[in-house]
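Let's take a walk through this structure together. Have the sequence and the 3D view open side by side.

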Amino acid sequence: MKADHLVSLVMVVTVINVMIFSVLVVQGELKTGFYSSSCPKAESIVRSTVEAHFNKDSTLAAALLRLHFHDCFVQGCDGSILIDSASGERKAVQNLGLRGFEVIDDAKSQLEALCPAVVSCADILALAARDAVDLSGGPSWGVPCGRRDGRISVSSEATSLPSPLDSVGIQKQKFAVKGLDEHDLVTLAGAHTIGQTDCLFFRYRLYNFTTTGNADPSINQAFLGKLQSLCPKNGDGSKRVGLDNDS
């Protein structure tokens, strides 16, 4: 992984840790080594599971970190993003393209066989995000555990997540509600240059920027042509494109 990617990972981890800390202050129950007695192999099983999937597809590292962030930004780090229901968070447009669910399911199945009804999915997700960053060459950290799984997941609540269509003012408001400042906003927005995105999230800038059928004039013409070839006007909106292939 490139050095600039590692720096971005460190910054994202810092912001997510701020979000987790705010939950700790409220709950006052989470602690590192939470499963040392009730399920001693919990963290090692999550780690080995993430590693097995990572070895097959290294892009899952960023996917798991993003999955954790999208979970924490809505209702806190309660695993509600994992609930697969017709009206759940993961069906919201803001969560289209989220990946890594199979990694969490895999770890959960193993832990249920070993320690039934002990390790929460929310904790598995938090641990998996840490291990994904570590496996990518980024930092590692102690994960306080003891979260309870959320049982409510509503797609409309995902509107609190930052959107590529939000103005800077709206983004600042969304972060302020979570106790995060402008530095945190720049950190997370900037870190999105790592990885890929779906054509549907930016295709309007290529063909209908001001609803008059024109492209965003701020896009370099050579780059515009490249993007249009990758994302045809009536093509597959779920096609993935690298966010930053040059830095």
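A helix crossing counts as right-handed if the near helix is turned clockwise from the far one by less than a right angle, and as left-handed if it is turned anticlockwise. Keep that in mind for α4 and α5, whose crossing is right-handed. Bear in mind, too, that you're looking at a predicted model.

On the α4 side, I104, A107, K108 and L111 do the meeting; on the α5 side, it's C121, I124, L125 and A128.

The largest nonpolar core has 35 residues, and V46, V50, L67, I104 and L111 have the most contacts inside it. Click on L111 and look past its neighbours within four places in sequence: you'll find contacts with C39, A42, I45, V46, P116, V119 and I124. There's also a second, separate core of 10 residues, with F69, L161, L180 and L185 among them.

How far does the confidence go? The chain's mean pLDDT is 85, and 85% of its residues reach 70 or more. Helix α4 (residues 101-114) has the highest confidence, at a mean of 98, while helix α1 (residues 3-27) has the lowest, at 49. Over residues 21-27 the pLDDT stays under 50, and the model has 4 contacts for them beyond four places in sequence.

Notes: Residues are numbered from 1 along each chain as its sequence is written. This is a predicted model: local features need pLDDT of at least 70, side-chain atom pairs count only at pLDDT 80 or more; totals for chains, interfaces and linings use all residues. Side-chain values use heavy atoms; hydrogens and water are left out. pLDDT is the predictor's confidence in each residue, from 0 to 100. Helices (H or I, at least four residues) and strands (E, at least two) are DSSP runs, numbered from the N terminus. Contact means heavy atoms within 4.5 Å. A nonpolar core is a set of buried Ala, Val, Leu, Ile, Met, Phe, Trp, Tyr and Cys residues joined through side-chain atoms within 4.5 Å. Buried means under 20% relative accessible area, exposed over 50%, partly exposed in between (1.4 Å probe, protein chains only).
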